[in-house]
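Subject: Structure handover

Hello,

Here is the structure we talked about. Please open it first, then read the notes below.

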Amino acid sequence: MPDCIFCNIVSREIPSYTVYENDDVYAFLDIHPVNRGHTLVIPKRHARNVFDISSEDWAAVMKAVHALAGTIEKATGADGINLVMNNREHAGQVVDHAHMHIIPRFKGDGIRLMPGHAYKGDEAKEVLKKIRAALI
Ligand code: 5GP
Ligand code: ZN
């Protein structure tokens, strides 16, 4: 048994509630949901995060997420959906097998995922310069 919990879920060594699967991706209910119906979509081939997943597996995960977002919103009666991916420990990643969260949202559920802060001075220009210089 590999020591990756999500690989063990894909191989059924650890049980889960299957939402959807095909040859490349597996979708299952998060065991500790932000809201009911919170679903994780993962590549069947192990990758740690967005930085090392193959572009083929990324495309397969995104295709499934695209289809499931609407399905889950409708089925749960949600008023919206958050798509979230945590990459690396300091971004909140706990399980080191790449996964997209599909989180149903309900009017008045009080969940706040993205507290924003205004740019000060030239911060926007400075960070933009760095990002654009790094583009290939
Ligand atoms: P992360 O913080 O790494 O983005 O999210 C990991 C998610 O995996 C958490 O929301 C957590 O509830 C879920 N999770 C962790 N272990 C298990 C498990 O054994 N089964 C299922 N279904 N979900 C899990
Ligand atoms: Zn894995």
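A polar contact here is a pair of N or O atoms within 3.5 Å; within protein, one must be able to donate a hydrogen and the other to accept it, and residues adjacent in sequence count only if both atoms are side-chain atoms. With that in hand, an oxygen atom of ligand 1 sits 2.5 Å from an N or O atom in the side chain of Asp30.

Some ground rules. This is a predicted model, where local features need pLDDT of at least 70, side-chain atom pairs count only at pLDDT 80 or more, and totals for chains, interfaces and linings use all residues. Residues are numbered from 1 along each chain as its sequence is written, chains are lettered from A and ligands numbered from 1 in the order in which they are written, and side-chain values use heavy atoms, with hydrogens and water left out.

Ligand 1

The side chain of Asn86 also reaches ligand 1: one of its N or O atoms is 2.8 Å from a ligand oxygen. Val94 uses its backbone instead, with an N or O atom 2.7 Å from an oxygen of ligand 1. On its own, ligand 1 has 520 Å² of accessible area, and the protein covers 82% of it. Such areas come from the Shrake-Rupley method with a 1.4 Å probe; for residues, only the protein chains shown count as cover. In total, 16 residues surround ligand 1 (each has a heavy atom within 4 Å of it). Among the closest are His99 and His101.

His99 lies in the loop between β4 and β5. Helices (H or I, at least four residues) and strands (E, at least two) are DSSP runs, numbered from the N terminus. His99 is buried, at 6% relative accessible area. Buried means under 20%, exposed over 50%, and partly exposed in between (1.4 Å probe, protein chains only). A polar atom of the His99 side chain lies 2.6 Å from the backbone oxygen of His97.

The zinc site

Which protein atoms hold the zinc ion (ligand 2) as donors? They are Cys4 (SG), Cys7 (SG), His46 (ND1) and His97 (ND1), at 2.0 to 2.3 Å. Donors are N, O and S atoms within 2.8 Å of the metal (3.2 Å for Na, K and Ca); water is not among the atoms, so sites may look incomplete. The site is tetrahedral, with angles of 102 to 117° among its four donor atoms (four donors count as tetrahedral if all angles lie between 85 and 135 degrees). The spacing in sequence is C-x2-C-x38-H-x50-H. His46 sits in the loop between β3 (39–43) and α2 (55–76), and His97 in the loop between β4 (80–84) and β5, so the pair ties together parts 51 residues apart in sequence. His46 is partly exposed, at 42%. His97 is buried, at 0%.

Other points

Arg12 is in the loop between α1 (5–10) and β1 (18–21). Arg88 is in the loop between β4 and β5. Both are partly exposed: Arg12 at 43%, Arg88 at 48%.

Arg112 lies in the loop between β5 (100–105) and α3 (123–134). Arg112 is exposed, at 64% relative accessibility.

Best wishes

Notes:
Four donors count as tetrahedral if all angles lie between 85 and 135 degrees; four count as square planar and six as octahedral if opposite donors are over 155 degrees apart and all others between 65 and 115; anything else is irregular.
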